[in-house]
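Please read these notes beside the sequence and the model. They are numbered so that each point can be checked on its own.

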Amino acid sequence: MKFKDLMGLHSDQAGNIDIDELILKLPNTPRDVLEQFYRDHGRKDQFQEQYSELDIYNLSWELISVTFDEISCATVFPSFQEWVNTCYIKSCGVSIDSDWKLIGHTKQTVMYWEHNRTWKRAPLFLELDYGLHLVEGHSRFGCLKGLVSKGLIPKNKTHKVWLAKNV
């Protein structure tokens, strides 16, 4: 099954693909990946532009722990780079004002960042021939970059990510 085949699955009025249908079609894919990537973004033009030919049956997803250095050079789809940069800039402000709300997320997410120095939900990366590519979690990635750059999170602290490899 290719990513473009998600366009043929049932979706709600907001364009989110039916999770039960995804579970049936991709039973070996973790639910968190199904929700974040396929359900939420499977019908979005920018994701179809990037991943239409991606064979999602041949992806093996694993929840792993990585340091910032291990993911810092991940590529980002050019259309999303500006958003990553915006989140980076907002999170850099935390070190100036000591106000974690500047990262601009929900209260629970802000509190999680402040108390745990990591994201609440693991972002998604693809392992490609040339290195890692960020699939989903652009806000989280931008926030982490800013918080690490300002010394609020150590570079060697580990963070959970979903990593997909071709099998």
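**Notes on the predicted model**

1. Thr29 touches Leu34, Tyr38 and Trp61, not counting residues up to four places away in sequence; contact here means heavy atoms within 4.5 Å. The position of Thr29 is the loop between α1 (19–25) and α2. Helices (H or I, at least four residues) and strands (E, at least two) are DSSP runs, numbered from the N terminus. With a relative accessibility of 11%, Thr29 counts as buried. The cut-offs are under 20% relative accessible area for buried, over 50% for exposed, and partly exposed in between (1.4 Å probe, protein chains only).

2. This is a predicted model, in which local features need pLDDT of at least 70 and side-chain atom pairs count only at pLDDT 80 or more, while totals for chains, interfaces and linings use all residues. Residues are numbered from 1 along each chain as its sequence is written, and side-chain values use heavy atoms, with hydrogens and water left out.

3. The predictor's confidence in each residue is given as pLDDT, from 0 to 100. The protein chain has an average pLDDT of 95, and 100% of the residues score at least 70. Confidence is lowest in helix α5 (residues 78–97), with a mean of 94, and highest in strand β1 (residues 59–67), at 98.

4. How many of the eleven residues of helix α2 are buried? Eight are, so this helix (residues 31–41) is largely enclosed by the rest of the structure. The buried residues are Asp32, Val33, Leu34, Glu35, Gln36, Phe37, Tyr38 and His41.

5. Which residues touch the most other members of the largest nonpolar core? They are Phe37, Tyr38 and Trp61, in a core of 49 residues. Helix α7 (residues 138–149) supplies the largest share of this core, five residues. A nonpolar core is a set of buried Ala, Val, Leu, Ile, Met, Phe, Trp, Tyr and Cys residues joined through side-chain atoms within 4.5 Å.

6. Trp61 also has a list of contacts beyond four places in sequence. From helix α2, Val33, Phe37 and Tyr38 are on that list.

7. Leaving out residues up to four places away in sequence, His138 touches Val76, Phe80, Trp83 and Val84. Gly142 is in helix α7 too, and at 0% relative accessibility Gly142 counts as buried. Outside four places in sequence, Gly142 is in contact with Val84, Cys87, Tyr88 and Ser91. Gly142 and Thr86 are 56 residues apart in sequence, and their C-alpha atoms are 7.4 Å apart in space.

8. Is Pro123 buried or exposed? At 0% relative accessibility, Pro123 counts as buried, and its place is the loop between α6 and β2. Not counting residues up to four places away in sequence, Pro123 touches Gln36, Leu134, Glu136, Gly137, Arg140, Lys160, Val161 and Trp162. Pro123 and Leu24 are 99 residues apart in sequence and 23 Å apart in space, C-alpha to C-alpha.

9. Two backbone angles deserve a check. Most residues other than glycine have a negative phi. Ser98, which is not a glycine, has a positive phi of about 50°. Ser98 sits in the loop between α5 and α6 (107–116) and counts as exposed, at 64% relative accessibility. Arg117 also has a positive phi, near 60°. Arg117 lies in the loop between α6 and β2 and, at 28% relative accessibility, counts as partly exposed.

10. A search of the whole structure finds one cavity of 30 Å³ or more. Its lining consists of Leu54, Leu59, Leu126, Glu127, Leu128, Ala164, Lys165 and Asn166. Strands β2 (124–128) and β4 (158–166) are the elements that give two or more residues to this lining. A cavity is a set of points, on a 1 Å grid over the protein atoms alone, where a 1.4 Å probe fits but cannot get out; lining residues have an atom within 4 Å of a point.

Notes: On a 1 Å grid over the protein atoms alone, a cavity is a set of points where a 1.4 Å probe fits but cannot get out, and a pocket is an open set with protein on both sides within 12 Å along at least five of seven lines; lining residues have an atom within 4 Å of a point. Grid points are joined across faces, edges and corners, and a volume is the space filled by probe spheres set on the points.
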